[in-house]
Amino acid sequence: MTTLTKDAVWEALAEVPDPEIPALSVVDLGLVHTVELDGDRLRVELLPTFVGCPALELIRTSVAERLARMAPVVEVEMTFAAPWTSDRITAEGRRKLGDSGFAPPGQGAAAGGPAPLFATIPVRPSASCPWCGSADTTLENLFGPTLCRTVFWCNRCRQPFEQFKAV
Amino acid sequence: MSTGGPRTTGEPVTQAPRPPKAVGGSGGTRSAPPVNQFDANTRTALAGLLLATADDEFVLGYWDSEWTGIAPVLEEDVAFASLAQDEIGHAQALYQLLADLDGGDPDELAYGRAPEEYRHARLLDHPRTDWAFSVARRFLYDTADVARLDSLAASAYQPLDGVVAKMRREETYHLLHMHAWVERLATGGEEPRARLVAALERLWPDALCVLDGIEGDELLAEAGVLAEPMAAVRRRWLAGLTPELARLGLPGPPAAHTGPCRGPSRSDDFRWLWEQFTMVRRSDPEAAW
C-alpha cells in the first residue's frame, strides 16, 4: 500500500458530488475545512452551508464512503469552527454553477458579512441570467426550492432561474 | 432557571461528551467540546440563554410551518417553508450546544419536554392567526433576533460563536423578506394596513419579551458571552426599529411589558402546537430514525 498523501485525499474529495447540485463537488463548493493525516488516522472536517440544510448528513456520509479504506481510521465531521460563506465557492465551482443554470452568488443581501440592523435592507440580491446573460432580471422570491437558493425571472429570455444565495 | 426537563443546570454532567463519530455513525453537526471556562452561575446563565434562544427559534419554526400549503401565494409557501427550516435548523444547532455543555440529547430537549418546560418568549405563544399577524410577529421577532445575534457575534463562548456567525448570515434574508412584507402591507391599502396595525398593537408587549427573561444576562455580559446585558440589546433593537416603523406610520413599542416573559404558564395555542410537533415522537419515543 503506497503512502497516503493529502493530495490524494483532496483528489478523492473532488469526486464527491453535492447532492442538490451534483455538477459541483464538495471541493468546488468550498465545504472542506481541513484534511488531517496522522499515522493511521485520516480526519476530514466539513463546513455546513446552511445550518438547517437537510443534506448535511448525506454529504457527510457520501464523503465518508468515498474516503473509506483510504486509511485504517477515517473520521468525517461537520464543524462550525469557521463559517462557510458563498465566497468559498471556487472559480471552477462558479463556472460549473453557471453551466448548470444557476447564477453564482453575487454581491447579494449578506455579501460582505452581516451589518447593523437595517443597514442591509436596501441591498436586495441581483443576478444576471445564466441562460442568456441578460442583466434585465427580476427577483421573484428570496427563498427557493432549497435553503441555499433564490428565484429570479429573466425578462429577456423569459425563463425562471435560481441564484445560489450570497451568505 | 427553573426548568424541570431532562437537562438540569447546576448538577454534574450526566453524560460525558461523546467522542467524534467514525465513518458510518449517524451524524449531526458537531461543535467543539465545551470549555470549562465559566463559574457555576455563569454556566447556568449560559445554559438558560441557549435554551431560551433555541426554544424561540424552534417554536417560531413550527408556527411558520403552519403556512405550508395555505400561504396567500405560492411564493410564500416556499418562503415560509424555508424560514421554518432555517429556524428549526438553528434550534437544532443550539440544542446540540446545550447538550454539549450540560449533557443530554438534543432531540430529547427539542421534543421530550412538557409544554411548561419550554422557555420561548411569549411572543411565540400566539397562533399564526392571519397573514398580517404572522408578518408582524416575524418582523418583530427577526429584528430582535438580529440584535441578539449581534450581541453574540464575538462571544467568549467559542462553540456559540461559530454557530452565530452562520445564523447571522441566514437571518439577513429573513429580515429582507419580512421588511418587504411589512412595507407592502403598510402601503397596500386600507385593509392590509389595518390588519397590520392591529397585529402590531396586539404583539408589541410580548415582542419586548424576546430580549428579556434571560436570568443572569449581566453575568454573561461580564464573561463576554454576550457583548452587553439584554436591556442594552433591547435598547439597541428599539433604536433601530422604531424610526423605521415611524417612517411607515406604524405603531411603536409600549413603555414596558408586564408579567413573566418565558413561561412556565403557556397559552392553549402553544399547547395545541406542542401536541402537533411532539405527536410523532410521543407515538414511539424509542424509534430510531
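Arg69(A) sits in the loop that links helix 2 to strand 3 of chain A. In this predicted model, the residue has a positive phi of about 75°, even though Arg69(A) is not a glycine. That is worth a second look, because most residues other than glycine have a negative phi. Is Arg69(A) buried or exposed? It counts as exposed, because just 12 or fewer C-beta neighbours are needed for that label and Arg69(A) has 9 inside 10 Å.

Chain A contains 3 helices and 7 strands, and read from the N terminus they follow the order α-β-β-α-β-α-β-β-β-β. Of the 167 residues in chain A, 43% are buried. When contacts in chain A between residues at least 6 apart in sequence are taken together, 54% of them join residues at least 24 apart.

Three of the strands can be followed in one sheet. In chain A, 3 strands make up an open sheet with mixed pairing, in the order 1-2-3. Strand 1 (32-38) and strand 3 (73-78) of chain A are at the edges with a single partner strand each, so one side of each has no neighbour in the sheet. On average, and with direction ignored, neighbouring strands of this sheet are turned by 10° against each other. How do strand 1 and strand 2 (residues 41-46) of chain A pair, and over how many bridges? The two run in the antiparallel sense, with 6 bridges between them. Within this part of the sheet, Val35(A) faces Val44(A), which is in strand 2 of chain A.

Two helices go with these strands. Helix 2 (residues 56-67) of chain A packs on the sheet, where it touches strand 2 and strand 3 of chain A, and its direction makes about 160° with that of strand 3 of chain A. Helix 1 (residues 6-13) of chain A lies across strand 1 and strand 2 of chain A, and it runs at about 140° to strand 1 of chain A.

Chain B has a loop residue with a positive phi too. Thr129(B), not a glycine, has a phi of about 55°, and it lies in the loop between helix 3 (106-111) and helix 4 (131-151) of chain B. With 16 other C-beta atoms within 10 Å, Thr129(B) is partly exposed. His126(B) is also placed in the loop between helix 3 and helix 4 of chain B, and it is partly exposed, with 18 other C-beta atoms within 10 Å. Leaving out residues up to four places away in sequence, His126(B) touches Arg137(B) and Asp269(B). From C-alpha to C-alpha, His126(B) and Gly104(B) are 29 Å apart in space and 22 residues apart in sequence.

Helix 4 of chain B also meets helix 6 (residues 190-207) of chain B: their axes come within 8 Å and cross at roughly 45°. The two helices are therefore oblique to each other, and their crossing is right-handed. Among the residues making the contact are Phe133(B), Arg137(B) and Leu140(B) from helix 4 of chain B, and Arg195(B), Leu196(B) and Leu203(B) from helix 6 of chain B. The contact residues divide into 12 nonpolar, no polar and 2 charged.

Gly263(B) and Pro264(B) are joined by a cis peptide bond, with omega at about 10°. Pro264(B) is in the loop between helix 8 (230-247) and helix 9 (268-283) of chain B.

Terms used:
Residues numbered from 1 in each chain as written. Chains lettered and ligands numbered in written order. Predicted model: local features only at pLDDT ≥ 70, side-chain atom pairs only at ≥ 80, totals over all residues. Pairing = 2+ DSSP bridges. Helix = DSSP H or I, 4+ residues; strand = E, 2+ residues; numbered from the N terminus. Axes fitted to C-alpha atoms, helices over the stretch in contact; angles between N-to-C directions. Contact = placed C-beta atoms within 7 Å. Buried ≥ 20, exposed ≤ 12 C-beta atoms within 10 Å, placed from the backbone. Parallel < 35°, antiparallel > 145°, perpendicular 65-115°, else oblique. Left-handed = near helix turned anticlockwise from the far one by under 90°. Nonpolar A, V, L, I, M, F, W, Y, C, P; charged D, E, K, R; others polar.
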